[in-house]
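Please look over the structure shown here before reading on.

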Amino acid sequence: MDRLRQRADFLAVANGARANSPAFVLQSRRRDDSGPIRIGFTVTKKNGNAPQRNRIRRRLRELVKRLDPVSMQPHHDYVLVGRRDALSRDFATMLDDLRIAFTKPARHTHKGRGSRTDGSRPGPAPATSRKPD
């Protein structure tokens with residue numbers, strides 16, 4: 001298992017499927033090459049100051065170390081986005097959450113404003129003609 005380090009890889013995974021948990025969000029994307037499973041970790045500044053963010057990141061890395069790699073799909077990239085609840089949530093519960101996140105059917109999200117399931121674009125209502133009374 002390798003680590004994601006390039007910003008472009010993180011952005012590509014961000015457009016893929018995601019599974020939510022109180023302590024993290026698991027993002028995933030299938031790659032077309034035959035390389036190993038890659039995983040990245042990210043924690044935004046809104047989750048606290050640097051020591052708190054580092055602690056969240058360390059907890060996420062330890063979760064992945066303790067998880068059996070069989071549960072991860074080959075030829076995939078994963079990103080764990082840490083949330084503030086990762087600081088106070090029980091570690092065993094977080095490990096169960098991660099196992100569940102890997103087994104959940106992936107929900108694919110589309111980035112962009114006003115995306116609709118039927119493919120139509122939002123716009124103004126069609127003009128109607130009124131006859132004067």
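The sections below start with the basis of the model and then go from strands to side chains.

## Basis of the model

This is a predicted model: local features need pLDDT of at least 70, side-chain atom pairs count only at pLDDT 80 or more, and totals for chains, interfaces and linings use all residues. Residues are numbered from 1 along each chain as its sequence is written, and side-chain values use heavy atoms, with hydrogens and water left out.

Start with strand 5, residues 76–82. Helices (H or I, at least four residues) and strands (E, at least two) are DSSP runs, numbered from the N terminus. Seven of the seven residues of strand 5 are buried, so the strand is largely enclosed by the rest of the structure. Buried means under 20% relative accessible area, exposed means over 50%, and partly exposed lies in between (1.4 Å probe, protein chains only). Both faces are covered. His76, Tyr78, Leu80 and Gly82 are buried on one side. Asp77, Val79 and Val81 are buried on the other.

Strand 5 pairs with strand 3 (residues 24–30) through seven bridges, and the two run antiparallel. Two strands pair if DSSP finds at least two bridges between them. Val25 stands opposite Val81 here. Strand 4 (residues 38–42) joins strand 5 by five bridges, in parallel. In that pairing, Gly40 faces Val79. The chain gets from strand 4 to strand 5 through helix 2, and this β-α-β crossover is left-handed. A crossover is right-handed if, with the strands pointing away from the viewer, the path from the first strand over the helix to the second runs clockwise.

## The hairpin

Strand 2 (residues 17–20) pairs with strand 3 over four bridges, in the antiparallel sense. Asn20 has Val25 of strand 3 as its bridge partner. Three residues separate the two strands, which form a hairpin.

## The aromatic pair

A search of the whole structure finds one aromatic pair. Rings of Phe, Tyr and Trp (its six-membered ring) pair if their centres lie within 6.5 Å; planes under 30 degrees apart count as stacked, over 60 as edge-to-face and the rest as tilted. The rings of Tyr78 and Phe102 have centres 4.9 Å apart and planes at 80°, so they are edge-to-face. Tyr78 lies in strand 5 and Phe102 in helix 3 (residues 91–103), so the pair ties together parts 24 residues apart in sequence. Tyr78 is buried at 3% relative accessible area. Phe102 is buried too, at 9%.

## Charged residues under cover

Arg53 is found in helix 2 (residues 50–66). Arg53 is buried yet has no salt bridge. A salt bridge is a side-chain nitrogen of Lys or Arg within 4 Å of a carboxyl oxygen of Asp or Glu. The nearest side chain of opposite charge, Asp85, is 16 Å away. Lys and Arg count as positive, Asp and Glu as negative; His and the chain ends are not counted. Leaving aside neighbours within four places in sequence, Arg53 is in contact (heavy atoms within 4.5 Å) with Val43, Thr44, Lys45 and Gly48.

Asp9 sits in helix 1 (residues 7–14). Asp9 is buried, with a relative accessible area of 18%. Beyond residues up to four places away in sequence, Asp9 touches Leu4 and Arg38. Asp9 and Asp77 are 68 residues apart in sequence and 8.3 Å apart in space, C-alpha to C-alpha.

## A positive phi

His75 lies in the loop between helix 2 and strand 5. Its phi is near 65°, a positive value in a residue other than glycine. His75 is partly exposed, with a relative accessible area of 26%.
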